[in-house]
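Subject: Structure handover

Hello,

Here is the structure for your files. My notes on what was found in it follow below.

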Amino acid sequence: MSEGECIPSNLPAGVLQLENQVAGHTAAQGCLGLLKTTSDGTILKPTGKVLCGLREIAFYERLQEARNRNTDQATGDEPTDLWTVLCQVVPRYYGHPKLTIDRKEVEFIQLEDLTEGLKWPCIMDVKIGRRTWDPLATPEKRKAEESKYRACRQRFGLCIPGFQLYSVRDGGQLIRHGKDYGKQLTEDNIRDAFLLFLNATETGRVSRTLLQQFLHDLHLIRDWARKQTTFRLYSSSVLLVYDAARLAAARSELQRASLTNANGTLLLTAKARMIDFAHAFPTEAGEADTVDENYLQGVDSLVEIFEQFLATAKDD
């Protein structure tokens, strides 16, 4: 079963369609889409095309080796190896199981569900890179990719193919925007999309704590991108996730105390995670010892936008 095939008439016991997938090949488009397990809080991502699946599995396997190595050492020191740093900003990996769906064997990549336990999960997929086609892309594929989200990708090196949020101002109303919305974004209005996602107030101010928590992860991703010279990442994304129910509670004086730890820190559990490594290619010989400028531009832009919001953010 490939990425474009229709969703199955039935799924194995203990597996459901993921309802809050915001981008990529989704069930709404007639594809298999992401699945979720009901027993252990994990996501199952179809590997799709053979070579893409092999590349993505290899990337996660190498990352898991670094995670295991770091756990075995257990020194308590701040990790310095770029792969162990990466472990902090990539969802946990649990292997690549195969399931029989509609009499066909389908291979999946099993990952941590970043929305597990969130009441009002707000999720945004930010695709990183001015160039999203990989070295094996056909001329037709390159042309198609270059025509997508042109305004945002050329200016910022990123685009927004989809997101969902629960609007705090509207009592938790679910709002979803897909690729059609993302294609209309330009240099002039892309910040409005981020402000909407971040549940900005009517005056355009965003929770300072929410931004700080996102920027903690985004700075790690940017620092990694400024140093790594091993890979070129094409069509990879940064997934932004937080719980709007916690944000709503934080804005209520009656509930705020329940979200504050002993140090007085507000717990909003915002996360930024790198995802989608099906087009992670080794650096070519002529580019050895150089960073992935294509990827770095997008991450730099994302950090800059969030830092601009932080400069005018409201106190929590």
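Two strands pair if DSSP finds at least two bridges between them; the strands (E, at least two residues) and helices (H or I, at least four) are themselves DSSP runs, numbered from the N terminus. This is a predicted model, in which local features need pLDDT of at least 70 and side-chain atom pairs count only at pLDDT 80 or more, while totals for chains, interfaces and linings use all residues. Residues are numbered from 1 along each chain as its sequence is written, and side-chain values use heavy atoms, with hydrogens and water left out.

Strand β6

β6 (residues 121-128) pairs in the antiparallel sense with β10 (residues 236-243) over eight bridges, and K127 stands opposite S237 of β10. β6 also pairs with β7 (residues 158-167), again antiparallel, over five bridges; there I128 has L158 as its bridge partner. In a regular strand the side chains alternate between the two faces of the sheet. In β6 both faces are covered: P121, I123, D125 and K127 are buried on one side, and C122, M124, V126 and I128 on the other. Buried means under 20% relative accessible area, exposed over 50%, and partly exposed in between (1.4 Å probe, protein chains only). Eight of the eight residues of β6 are buried, so the strand is largely enclosed by the rest of the structure.

Salt bridges

A salt bridge is a side-chain nitrogen of Lys or Arg within 4 Å of a carboxyl oxygen of Asp or Glu. The whole structure has nine of them. One joins K45 and D276, at 3.0 Å from N to O. K45 is in strand β3 (residues 42-46) and D276 in the loop between β11 (271-275) and β12 (280-282), so this pair ties together parts 231 residues apart in sequence. K45 counts as buried at 17% relative accessibility, whereas D276 is partly exposed at 21%.

Another salt bridge links D300 and R226, with the closest N and O atoms 3.8 Å apart.

D223 is partly exposed at 33%, and R222 is buried at 15%.

Regards
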